[in-house]
Amino acid sequence: MAAWRTKWVREKRDIALRLGSGGCGGSYGEAAIILCAVLSAMAAEVWPGRGLDRKRFVELLKQFAPANLQATRVSVPLLIGYLRKLEKEAERDLLRNSFMNYSDSRVLTGEEVDKSEREILELCNTLSTSELRKFSYANLLYEEIRSGYVHQYQPGERADSWPMTQKSNANISYVNVSLVGERDRRIHFHLRWISELVIHIAEEVDKISKNIPLPQPSKWWVDG
């Protein structure tokens with residue numbers, strides 16, 4: 001079993017974390033670009049082709065991320081924000097009252113409020129699987145961090161580069177922001193979580209190195 005990917009990824013991870021800690025004038029952005037580029041590179045090796053970047057990025061996390069990192073977990077605060085914009089008040093209020101019964105000023109972590117797809121559908125079955133998967137950590141990491149930094153050198157509108165909590169065990173947390181007439185929350189992906197993700201995935205891809213590239217799935221997970 002060739003393990004060169006894991007070695008290569010560890011080297012990139014170490015560079016990213018040094019930049020994220022301020023080395024060479026670096027910041028969260030530089031670290032996130034490197035870590036997400038590593039994930040994109042592995043996804044492209046497993047499922048080569050054009051026009052697939054988001055789908056295979058998310059698929060990589062779905063198939064190879066360890067269960068304890070919960071890459072398919074759904075961001076409830078961002079899902080609620082989406083429902084508010086669509087004026088789906090019944091679904092929004094149901095989710096908010098069930099999963100986010102906290103003060104607007106409370107600094108929340110993903111462990112406190114985010115749920116599995118199954119838990120949300122059991123409560124609110126009017127939502128589609130494809131809708132929920134757009135708010136999975138895997139998809140949000142691609143859209144808000146990977147794409148945000150690559151195309152605009154900043155996170156997307158639903159994410160933030162600065163955490164409001166320094167809890168050492170926080171993987172995902174939320175930044176409280178004020179909008180016109182109401183409060184909102186943006187997601188923050190802690191670098192420790194992303195760095196663990198890239199190492200574990202590299203180890204898993206190394207295990208199947210003789211079998212890649214893999215055939216494309218008949219339906220990509222993110223599509224529902």
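Partly exposed here means a relative accessible area between the buried cut-off, under 20%, and the exposed one, over 50%. Keep that handy for this tour of a predicted model, which holds 22 salt bridges.

Start by selecting Glu204 and Lys207. Their side chains meet in a salt bridge, 3.0 Å from N to O. Both sit in helix α10 (residues 191–207), and being 3 residues apart puts about one helical turn between them. Now colour by accessibility: Glu204 has a relative accessible area of 28%, so call it partly exposed. Lys207 comes out at 53%, which makes it exposed.

Next, pick Arg186 and Asp160. This salt bridge has its closest N and O atoms 3.9 Å apart. Why is this pair worth a look along the chain? Arg186 lies in strand β2 (residues 182–189), while Asp160 is in the loop between α9 (137–152) and β1 (172–179), so the bridge ties together parts that are 26 residues apart in sequence. Arg186 is partly exposed at 29% relative accessibility, whereas Asp160, at 14%, counts as buried.

For the last stop, select Arg54, Glu143, Glu144 and Arg158 together. Here you're looking at a network of salt bridges that links these four residues.

Definitions and conventions. Residues numbered from 1 in each chain as written. Predicted model: local features only at pLDDT ≥ 70, side-chain atom pairs only at ≥ 80, totals over all residues. Heavy atoms only, no water. Helix = DSSP H or I, 4+ residues; strand = E, 2+ residues; numbered from the N terminus. Buried < 20%, exposed > 50% of the residue type's maximum accessible area, 1.4 Å probe, protein only.
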